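Below is a short note for a colleague who has not seen this structure before. Please read it with the model open.

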Amino acid sequence: MRSWTKRSGLIWTWPRDRIERGEDPEAAALAARREFGNRTLVTEITREMRGWGSLEQLWQDIRYALRGMRRSPGFTAVAVLSLGLGIGANTAIFSLIAAVMLRALPVEHPEQLVELLHSYPGESRGPMGGSPRTFAHFRDNNHVFSVLTGTLVNYALVSPEGSEPERIIRESVIRNYFQVLGIKPAIGRLIAPDDEPDGTVAVVSWSYWKARYQLDPAIVGKRVVVDRRPLTIIGVAPRGYLGFQVGYRTDIWFPSEAGEGTGVVFGRLKPGLTLQQARAEVAVLHRFAIDEITRTNKDPLIRQMKSDVAPAAAGHSRVRDRYGRPLLLLMSVVAVLLLIACINTASMLLARAAGRQREMAVRVGLGASRGRLVQQAFTESLLLSGAGALLGLVLAHLGAGILVRIIASGREHERFVLPVQLDTQTLAFTAAVALLTGVLFGLAPVLHVFRTAPASALREAGRAGDTAVGASSDAGWLPPTWPRRSCC
């Protein structure tokens, strides 16, 4: 019976079949090899079917690109530096935008949080705030919020046991504050709705616990004096939670409802309701707040005050209101700088590709497809952009810190804190920018490959070589002192 195996559209016939028919073994083996075809080609085809061929080609392209970059250190240094500056500037600005505008609070379902705002004619929006009576009116008469709470940030002098007084940032919060946020304590417990308002309990931040108490678990039960008010520490807030107001790092929280009012009012929308519905109802409730204020304040502008409801997933931030638009404008500027860096790098790659025109033509003439040349060109451009991205991350880390210090200049008394970090979001942005950059400036040599006709490139390169050789043969192979004779 004839033995055969079908792979890749080829039929492999073994010499045994021919030997059984009476052919000479050597002749049968030779005939079988002829029917089998190019053994190396079949091996390459089967390797590509298994997927290893593509990986090997990619590794070859990477090694070839690295050798090319090593042979041209000046070109590589200029390209990586220009790309690193462009990518680093974009990453630094994006990290600030993420910290101020995009990064959600580390709380439960931050997308459900909204805050109540107000504004006067010609002025930017600010937190609504209000007296305890105003807050109670909004809390008890609305139909759009599942829960409301509030906080007031201020500065205080704290005196831990046996320590000198120091200035800290404290938040007096309505007792359901932590319940609304849905966060859990690091140790101990948090302020609860059944705690007494204006009571004697307090919660400290994780950073304050580390700085002042060296993460001592015995902190629960210790006493502190905040603005001459004795408080007992009942727990520590979770690590990473700095407070509801971005730009501040709260050190201590304590409950307070009566007497101090509320600085920022926020809560959660009921399921299925929209911001437009919340705004419509808040506009109605806002009239009560206006009446409350005008009882003691006769300024006619009070009647022109408007209310609003805004998403609060990223918390409340005066820094966002003040620097949000300038940061977006700065982002567009550095994006243009990155585009210029891409154009410069593309010009250098195009000039380099023109110098390698004969090499590319020879490779096409020897059987390389244009797809392989395109893959090689993109591999080199992506390696350059990847190296630029690594340099850009280092520059972004340094540049973001400098920008934060610039923003905080003149605000030392406010203890400005902005948690700028190279987190997953920032790294993903950098990777996306590096990929887009590599594709953009890699298009120039790729288009050059498609425009180049291999036959004409070889002919031009051959003529150039013949001219050089002819000039050398005509004048260079005889010593200049030897006589030259004419053939006739």
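The points below go from the whole chain to single residues.

1. Basis. This is a predicted model, in which local features need pLDDT of at least 70, side-chain atom pairs count only at pLDDT 80 or more, and totals for chains, interfaces and linings use all residues. Residues are numbered from 1 along each chain as its sequence is written, and side-chain values use heavy atoms, with hydrogens and water left out.

2. Overall make-up. The protein chain holds 14 helices and 13 strands; these are DSSP runs numbered from the N terminus, with helices (H or I) of at least four residues and strands (E) of at least two. Of its 488 residues, 42% count as buried. Buried means under 20% relative accessible area, exposed means over 50%, and partly exposed lies in between (1.4 Å probe, protein chains only). Among contacts with a separation of 6 or more, 76% join residues 24 or more positions apart; contact means heavy atoms within 4.5 Å.

3. The largest nonpolar core. A nonpolar core is a set of buried Ala, Val, Leu, Ile, Met, Phe, Trp, Tyr and Cys residues joined through side-chain atoms within 4.5 Å. The largest one has 33 residues, of which Ile 87, Leu 327, Met 331, Leu 384, Leu 418 and Phe 441 touch the most other members. Two or more residues each come from helices H5 (73-102), H10 (318-355), H12 (370-408) and H13 (424-451). H5 gives the most, with 12 residues.

4. With neighbours within four places in sequence left aside, Leu 418 is in contact with Leu 96, Ala 99, Val 100, Val 246 and Val 404.

5. Thr 430. This residue lies in helix H13. Thr 430 is buried, at a relative accessible area of 2%. Its contacts, leaving aside neighbours within four places in sequence, are Ile 87, Thr 91, Ala 389 and Leu 393.

6. Helices H6 and H9. How do H6 and H9 run relative to each other? The axes of H6 (residues 132-141) and H9 (residues 275-294) come within 10 Å and cross at roughly 155°. That makes the two helices roughly antiparallel. Axes here are lines fitted to C-alpha atoms, for helices over the stretch in contact, with angles from 0 to 180 degrees between N-to-C directions; angles over 145 degrees count as roughly antiparallel, under 35 as roughly parallel, 65 to 115 as roughly perpendicular and the rest as oblique. On the H6 side, Arg 133, Thr 134, His 137, Phe 138 and Asn 141 meet H9 residues including Val 282, Leu 285 and Ala 289.

7. Leu 285. Leu 285 sits in helix H9 and counts as buried at 7% relative accessibility. Not counting residues up to four places away in sequence, Leu 285 touches His 137, Phe 138, Asn 141 and Asn 142.

8. Positive phi values. Most residues other than glycine have a negative phi. Gln 214 has a positive phi, near 50°; this residue lies in the loop between helix H8 (206-213) and strand E9 (223-226) and is exposed at 57% relative accessibility. Asp 227 also has a positive phi, of about 50°. Asp 227 is in the loop between E9 and strand E10 (229-236) and is partly exposed, at 39%.
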